[in-house]
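Please look at the sequence and the structure shown here. The report that follows begins with the whole chain and then turns to some of its parts.

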Amino acid sequence: MARPPRDPESVAASIGSTRVSGFSAEDTISAEPALSSTGNYELHALSKKATQIASAGSHPHDDDDEPHLPPTPSKTNMSRAPLLVRSSPAQGTGSYGGLPILSLSSSPDSDDHHVTSALRNKKGKSKLRHSEPAGHSRTSLNRSSHDDSILSEPVHTTSRARRRSTKDGGSSSRMPDETLGGQEEPGLESRFTTTTGASRVFESLHSSSSSSSHAGEPDDEETSESDDLHDIKSSAAHPSDNSPYAQVRASVAATDDVSLSINTPRMWALSIFFAILGSSTNLFFSLRYPSVSITPIIALLLVHPLGLLWDQVFKRPADPVEVFLNGAIQHNISYANGSRPNSMHSTQASPMKNTRGRRFRLWLARGRWNEKEHCCVYISSNVSFGFAFATDVIVEQTKFYHQDLGIVYQILLTLSTQILGYALAGLTRQYLVRPSGMIWPSTLVSTAMFTALHKDENKPADGWTISPSKFFARVFCGSAAFYFLPGLLFPALSYFSIVTWFAPKNVVVANLFGIASGLGLFPVTFDWAQIAYIGSPLVTPFWAALNILGGLVMVMWIMAPLMYYANVMFSGYMPILSAAVFDNKGKPYDVSKILTDNFLFDQEAYEKYSRVFLPITYVLSYALQFAALTALISHTALWHGKDIVRQWRRSWAEIRRSPRVDYEPLPADSDGIVRPSSPRLYRSSTTSEPELEDLLNAEDVHNRLMRRYDDVPILWYIMTGLSMTAVGIFVVEYYPIHLPWYGLLLALSIGAILFVPIGIVMAITNQQSSLYLICQLICGVAFPGRPVANMVFTTYGYITSTQGLKFSSDLKLGQYMKIPPRILFNLQLSATIISSLTQIGVLNWMLAFIPGICTPQAINGFTCPIARVHFNGSILWGVVGPQRFFGPGALYRPLIWAFLVGAVAPVGLWLLARHNRKSILRKVNLAVVFGSLSWIPPATGLNFSVWAIVCYVFNYEIRNRKKAWWRKYNMTLSAALDSGLAVGVVVIFFGIVYPGWMSGFKWWGTEVYKQGCDWIACSYKTVPEGEVFGPHKW
């Protein structure tokens, strides 16, 4: 039964000048929980007298510090949503309405989902994870009659709810303890509050992967065992407040601690440090062979002890207690003894003099290292660690084409190509970030690691009692240590093609069972680097793996051998799998023989030398990429077309809508549920996996929790895109690129048009369809004979889309971790600019001071291997041109039919499955089937087959048989294996290989896999001495 409403004056005295979501800053309001006929609690504007009482009763000693608010208007539009609310699925509502909050627990039986107090008291807290200074626990927010508490705003499930959160430096709401009048402490649901007692709630939250279920969430034990092949349908009549996807519930907590610090000097300093360190290191080694890459996972691991060390150095027990709201510090700070700075008593009560050095130390010591700051540093690393693709263009122009255009050109080209993706990511948030169906599986690994590093909660899972943090630590150490075997001492464990060891000279055996140049029909390896070469199998849904495996079997294991041994397109004279292209003698193609001294195409030399021939797997890879492009468009239009149009209309309405001062009142149904008045703007909220057609029309608790934060205005993204487009037009028009301005717009339009379809597929399946080849071909057709233009065109078309997908993934990670969008926008943009300028500086230093760089005679292996591959591609597609590959009479002309096949094939599946919601055909995504195999080459069949087997074991068998174990440990296991491998590679390379300690180290385990045809890439047919193969007519 609801507690009777209190007297308005007492309510005013206890609430004070609280800011409520949806009310303008000028309105001074309070809440009178009057029970309406429909069962709702309504908000009423207080009288002037009550407002004065509330204002006077807040803090008797700081009248001069408080801002004077203007008087309340006589008529104010109020929301029917209550001030203090929690979701109550049991009462028939999936939105936040209607019930008073009488306990700190989110459900009566919430203790069943958390660690018992006995376990917590027995084990205690790790000092490394304790986030408060000595003498100040997180419960210190409940400290004295002069303390400040923050009352969070209600979150609504309508897309029209305003994001009216408190700005930096704004006044926070106040609830002095003396105003409670001895009444029961009002407990707010943990995900919305930081008021008195909130710290105890957050300490007891079970945010780890072991217990992500909350009140009303259906247990995965009740789901069908075939949930990998069919949509999961909950038996509950109403949704609970969590994600409808088990993998998300296992990795992401459905809560938000708004009291955590985010926008602090520590976060910015560490973010900038790792952006500079990672981007410069990766660029340095990208020009070297063999190379090594520093991944963001390493930054995620290394920054954690640095963040803890920062607190140890700058924090003091006597520091003032800080209050953070929405990641930013508030100006109502109290010292430990109860006094406030800038108040009448602060000078006498301050424990030490407020010197300039102490103020600087306090500024550096703001906040506490926590999972949100950790996430921000990781995101800054994620957008900056990959070396800028434009630097390869600069290397090719400078060293291969001898075209040095200066430092300004380099900066403008790099910045414009790196930043343009932000506009695509921001403008497509409605499609790729906010819907619950856009999971972005790769982000779940990071969230699992944040949980393992920052949380101590534990719960038995199918007999396993080890905590996720200890599980992560042990697997991480084991993974790093074990990699010394396949990565250094016993590399045959990585290339475990044992079948070829018994017949090393047999070409057919090497073709079928080989790993280096074969199809990998013997799927066994002991190297996680081989297993996870195309991505971690533990984070990919099993149905997506089935799509990829089906394509592998049909195309690479059936079609490729049949065509190869039939010598289709003269493929028998080349290896069955290779990343190289060949001449008519079966040798790697020498591009220099068809170029003039000015790097222009020499038609006569081309006809005297040879046309270009492709291995059969290369041919099929091109065909699959052509089919994947049109299949991507068809599949997206058929299954998601209506949702895209609907979301586009919403986005357009958001652009045209002018800001409003008052909160729009929401009508309540007869059952008391607050709903939007326009069903077109209503998004359903479910804990059942949405139907395929509704993936873009369903939201979860994470999107609703993000509504309390001020969103990034869409104008910011539009201006970012327009400004960088203008910079790009200046680059191609002012400098001798030979690419007209409309060519640049064509490149950007390719990435923009296909961005949403590619993003949907990647967000669901963790597989990205590449535009690299398509951009090269289109530019080769539109602007033939212009190799530099081809490189720049491909950079703007391909990298803009790729960067945008990376930014969209980070936006989703920010949503999972509840990072305020504006902080995230500034962080991403800053890290990208800093890393781009850093890479330009490092690149110019290397080009100037490393002798013989980008030549075979370069010292220490700095031969620029990646840049040389791209240079060869620019010659093939920019000089030789697609016309000679796919034009009339060309050898590979039949491949263009793949475009038609890709466009038509999804239509048949859609017609068969659109009316049968349980059809397995709804899980077939031809864009994934075709596009994922574009990894071959350089990937081999082994990388796909063993990947699919591991995915089956963990994401089907273990998920169905040991659900609790899978929820608790699966994502943590993936994170530990990936990070352990990354650290192992770095330690082996820098600590052992690079100094030369293993030079001359040989034994059977380092040589056995190199002895046969698999390693040297034998061809099935051989070209007789002095003869050539291929068609007689050109």
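## The chain as a whole

A residue is called buried when its relative accessible area is under 20%, exposed when that area is over 50%, and partly exposed in between, with a 1.4 Å probe and protein chains only taken into account. By this rule, 60% of the 1034 residues of the chain count as buried. The chain exposes about 41,200 Å², of which carbon and sulfur atoms supply 61%, and such accessible areas come from the Shrake-Rupley method with a 1.4 Å probe, where for residues only the protein chains shown count as cover.

This is a predicted model, in which local features need pLDDT of at least 70 and side-chain atom pairs count only at pLDDT 80 or more, while totals for chains, interfaces and linings use all residues. Residues are numbered from 1 along each chain as its sequence is written, and side-chain values use heavy atoms, with hydrogens and water left out.

The chain has 36 helices and six strands, where helices (H or I, at least four residues) and strands (E, at least two) are DSSP runs numbered from the N terminus. Contact means heavy atoms within 4.5 Å, and among contacts between residues at least 6 apart in sequence, 81% join residues at least 24 apart.

## Two helix pairs

Helix 12 (residues 407-427) and helix 25 (residues 741-765) pack at an angle of about 30 degrees, with their axes 10 Å apart; axes are lines fitted to C-alpha atoms, for helices over the stretch in contact, and angles run from 0 to 180 degrees between N-to-C directions. Leu420, Leu424 and Ala425 of helix 12 make the contact with Leu748, Gly751, Ala752 and Phe755 of helix 25. These residues divide into six nonpolar, one polar and no charged, where Ala, Val, Leu, Ile, Met, Phe, Trp, Tyr, Cys and Pro count as nonpolar, Asp, Glu, Lys and Arg as charged, and the others, Gly among them, as polar.

In another pair, the axes of helix 7 (residues 296-314) and helix 10 (residues 371-384) come within 9 Å and cross at roughly 145 degrees. Residues of helix 7, including Pro296, Leu300 and His304, meet residues of helix 10, among them His374, Tyr378 and Asn382. The residues of this contact divide into seven nonpolar, four polar and no charged.

## A serine in a loop

Ser578 is found in the loop between helix 20 (542-565) and helix 21 (603-609). Ser578 is buried, with a relative accessible area of 14%. Leaving aside neighbours within four places in sequence, Ser578 is in contact with Pro615, Thr617, Tyr618 and Pro937.
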